[in-house]
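Here's a quick tour for you. Have the sequence and the picture side by side, and follow along.

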Amino acid sequence: MPNLITKRIIKSGVQNFKRQGNLSFATISILVITISLIAFVYISHGILGMAIANIREKADISVYFQKQSSEDKIFELREKLTEFPQINGIEYVSEDEALERFIEKHKGEKALMESLQELGANPFLASLNIRAQEVDSYEKVVSFLENESYSDIVEKIDFYRRKSTIERIFNITSFIDKTGFLVSFILILASSFLVYNTIRLTIYTQKQEIGISRLVGASNWFVRGPFLVQAALCGISAFFITFLLIGFFSYFLGPKISSFFPEINILSFFGSNFRTIILTQLISGLLLGIVPSFLAIRKYLEI
Amino acid sequence: MVQFQNITKIYEPDTVALENISFKIKEGEFLIIAGRSGAGKTTLLKLILAEEDPTKGKIIFEGKEINKIKKGELPFLRRKIGAVFQDYKLLESKTIYENVAFVLEVIGATDEEISTNVLKVLEIVGLQNKADNFPKEISAGERQRAAIARALIHRPKIILADEPTGNLDPANTSEIINLLEKINKLGTTVILTTHDKEIIKKLKKRTITLEEGRLIRDDEEGTFIL
């Protein structure tokens, strides 16, 4: 018998979904907006994270070493620096490598190349490029280098010149990160509220039917069940529509956005997070449909 | 079968709908509850359906006090009762067939039982050709007959008919009353509320008269004098 009742609840829910086309359409539309917003927030948060990490990678400091400094001592210093917390990476560039990079970068510039030849020797210094997570970490590294026994091999530290730029990059990216999260949270909350009210109105229009069902002896679950099935179907339909919309957006507009902002690759983000995006949309669709229906129907079951 | 013991119903803040009502209904009886609009007839039926709770007193149905039944057990009480309302209370999103079948679905009848019984009952009330219509597509008289079909499909012990002819013309009124009489002759207890003197005269059944919430007469053979 429970199977028979479940079968009837599902059948009735599917029937209501089809017959009450206008109500289903209104619910699906509002769910599509909300799920799209959730997907948009998820994707933009991911892409923004990638872009922020990319920009922060570029905010590094360079420590230049005096000519003839022993590589062993430089490597020893590098080892010590890796023990610092919040250091993301340290790259060693030898004098020869620095020269090669310069030539590679400026090979088309004749005047520069001629001046380099006139010098006769390699004018570049060996260096360590250090990337950290926070501006504070750079300051700790700099004070370590200035005070420790390594000061004799350090020629110069390229930090104070870049300090304000680095600080600005960190402040802007951290502001975008925090504001983005707050704005997304408010948007999702507002649209969820909209979904709740739409579903509440939908159920309000059927409060008489709920009452009648109760009076002819239907149990709460027999009355509530079809509404939940109908809500789940609206959620699933909204998921499919949103998925197609987001897929279309990523496929056709993603490359265009990437050509303006090379750090932002929507298509690759969509590809590498495909399963999470699908699950997020599907679960949001189901929850946003079912939970408000469950809550809204409660008070009409009091009869 | 049903016993009202000193029932008083007061709607907040101070509207007295029923005042100290006591009477008994025997199994298989046809009882008319007469009275003007606002006399308390509908409230009385609502109390039997446990749609409302009495302010004072007890209602006993088959030995059980109705207002002490737990919320989760109410559907089981209501499945023993068939209800017909003045405004039909059909499910607008379901066809006539589905409306009648709904009660059997609720009690867990098999699909075969449902299709056999529903068609039979629709034939009894003369709606076999309207099975696939929605309530809004049929006339008032047909809607009321559909409501009666729904009320008797699960063979309830008692049928409550709350002014079932209130919105009908004389021809349809007569049809509905005949149907209720037939159902009663087959052994089902019927409680009918009405303010129509002609119906009371025609039926010649026990009649309780209410006035402003008080029981003023209980006659073995229908009279309605106000």
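In β4(B), Phe4(B) has Ile59(B) as its bridge partner. This is a predicted model, where local features need pLDDT of at least 70, side-chain atom pairs count only at pLDDT 80 or more, and totals for chains, interfaces and linings use all residues. Residues are numbered from 1 along each chain as its sequence is written, while chains are lettered from A and ligands numbered from 1 in the order in which they are written.

Back to those strands (DSSP runs of E, at least two residues, just as helices are runs of H or I, at least four). Strands β1 and β4 of chain B pair antiparallel over five bridges; to count as paired, two strands need at least two DSSP bridges between them. The open sheet runs β2-β1-β4-β5 in chain B. Both β2 and β5 of chain B sit at the edges with a single partner strand each, so one side of each has no neighbour in the sheet.

| Strand of chain B | Residues |
|---|---|
| β1 | residues 2–11 |
| β4 | residues 56–61 |
| β2 | 15–25 |
| β5 | 64–65 |

Helix α1 (residues 41–48) of chain B packs on this sheet and touches β1, β2 and β4 of chain B. Touching here means C-beta atoms, placed from the backbone, within 7 Å.

And chain A? Its secondary structure comes to eleven helices and four strands. Chain A's radius of gyration is 31 Å, well over the 19 Å that the globule rule gives for 303 residues, so chain A is more spread out than a compact globule. That radius is taken over C-alpha atoms, and the rule is 2.2 Å times the number of residues to the power 0.38.

Technical notes: Two residues are in contact if their C-beta atoms, placed from the backbone, lie within 7 Å. Axes are lines fitted to C-alpha atoms, for helices over the stretch in contact, and angles run from 0 to 180 degrees between N-to-C directions.
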